[in-house]
Amino acid sequence: MIAEGHRCGLIAVVGRPNVGKSTLTNALVGDHISITSSKPQTTRHQVKGILSTPGAQFVFVDTPGFQVKHRDALNRVMNRSVKRALRDVDVVLMVVEAGKYGIDDQRIIAQVPNDMPLVLAINKIDCMTNAQLLPFLQTFNELPRLLHMVPVSAEKRRNTARLVAVLQPMLPLRESLFDEDALTDRSERFLAAERIREKLFRQLGDEVPYGASVLIEKFEQTGNLRRIFASIVVDRAGHKPILIGAGGKKMKAVSTAARLDLEKLFGGKVYLEVWVKVRSGWTDNAAMLAGLGYD
């Protein structure tokens, strides 16, 4: 039986690469669910972040940045993931970077079904003055189908409570889809791979090649100890020494940062081994993409 007035629904968080979708998802949920970095295309999978309140359950579906130029099979897979989310949710939350709105944003909005509620989150408002922001907000006054527009700073968690309040009445009357204490639908194995990939991006920055991913080869748990064996997969042999670094220093830094983060995430000791493997052309090979968990 549904509690009187209780709402629950799925909210697709969409937008161009690097507009702060994952940072906003984490801010709304109140925990580190989606990995973040300054590198474009950090998010490559749909990740559900769950916020439960006394009157509602919000299921935020963080999506990859929508690519308008399909360079390879990986980009096509990520775009299909975005389109699938747009069909399967109750509300679309479009994230736009403050001061930057153009044809690519418009193409994404055009993908939203006509009968789907649409809310705009103007992110990174902390990077603009009010004098700069107000004229930019007027850009959207005539946008068709837009129900609400909320300026936010995901990084500073400004106006996120207002955004939640705006979204709640749009959710259908329905009982919760997940337990009240759930934060995500993803497994520990998936979260481990993502945290390793996050540390790879953060530790190595621009040195990380586009064709790099993480595969968990083995995940074992004995009591409170987790033993994780992971491979960082690259699509060119020349990338392997770049990631390993002289004397393995770069890979050791990535592994150490990931292990400490995973121990905090799982609340227990983690033994982590990470290797670098070459799988030539995996970003444009459907079978290899499926083997690496891209669907």
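**Entry 1: the central sheet**

I began at Val14, which stands opposite Met94 in β4. The model is a predicted one, in which local features need pLDDT of at least 70 and side-chain atom pairs count only at pLDDT 80 or more, while totals for chains, interfaces and linings use all residues. Residues are numbered from 1 along each chain as its sequence is written, and side-chain values use heavy atoms, with hydrogens and water left out.

I took helices (H or I, at least four residues) and strands (E, at least two) as DSSP runs, numbered from the N terminus. I counted two strands as paired if DSSP finds at least two bridges between them.

I found that β1 and β4 pair in the parallel sense over four bridges. I then traced the whole sheet: six strands form an open sheet in the order β2-β3-β1-β4-β5-β6, with mixed pairing. The edge strands are β2 and β6, each of which pairs on one side only. On average, neighbouring strands of this sheet are turned by 25° against each other, direction ignored. For such angles, axes are lines fitted to C-alpha atoms, for helices over the stretch in contact, and the angles run from 0 to 180 degrees between N-to-C directions.

**Entry 2**

I looked up how β2 meets β3. The two pair in the antiparallel sense over seven bridges, and they form a hairpin with two residues between them. Gly49 has Phe60 as its bridge partner in β3.

Is β2 mostly covered or mostly open? Strand β2 (residues 47–53) is mostly covered, with five of its seven residues buried. Here buried means under 20% relative accessible area, exposed means over 50%, and partly exposed lies in between (1.4 Å probe, protein chains only).

Leu118 has Leu146 as its bridge partner in β6. From β5 the chain crosses through helix α4 (residues 130–137) to β6, a right-handed β-α-β crossover. Right-handed is meant in this sense: with the strands pointing away from the viewer, the path from the first strand over the helix to the second runs clockwise.

I followed α4 across β4, β5 and β6, where it runs at about 155° to β5. Which residues of α4 are buried? They are Leu133, Phe136 and Leu137. These residues cover an arc of only 95° around the axis, so they lie on the same side of α4; the arc is that of the directions from the helix axis to the C-beta atoms. On the other side of α4, Ala131 and Leu134 are exposed. The buried residues of α4 pack against β4, β5 and β6, contact meaning heavy atoms within 4.5 Å.

**Entry 2: the nonpolar cores**

I defined a nonpolar core as a set of buried Ala, Val, Leu, Ile, Met, Phe, Trp, Tyr and Cys residues joined through side-chain atoms within 4.5 Å. The largest has 30 residues, of which Val14, Val92, Met94, Ile122, Leu133 and Phe140 touch the most other members. At least two residues of this core come from each of β1 (7–14), β3 (56–62), α2 (73–88), β4 (91–97), α3 (103–111), β5 and α4. A second, separate core of 28 residues includes Ile33, Ala56, Leu93 and Phe190.

I also listed the contacts of Phe140: not counting residues up to four places away in sequence, it touches Val96, Tyr101, Leu120, Ile122, Leu146 and Met149.

**Entry 3: helix α1**

I examined helix α1 (residues 21–29), which is largely enclosed by the rest of the structure because eight of its nine residues are buried. Among the buried residues of α1 are Lys21, Ser22, Thr25 and Asn26. The buried residues pack against β1, β2, β3, β4, β5 and α5 (160–167). Gly30 follows α1 and has a positive phi, near 90°.

Asn123 is in strand β5 and counts as buried at 3% relative accessibility. Asn123 and Val95 are 28 residues apart in sequence, yet 6.6 Å apart in space, C-alpha to C-alpha. Leaving aside neighbours within four places in sequence, I noted that the contacts of Asn123 include Val19, Gly20, Glu97 and Ser153.

Arg195 is found in helix α6 (residues 188–204) and is buried, with a relative accessible area of 4%. With the neighbours within four places in sequence again left aside, Arg195 is in contact with His32, Ile35, Asp261, Leu262 and Leu265.
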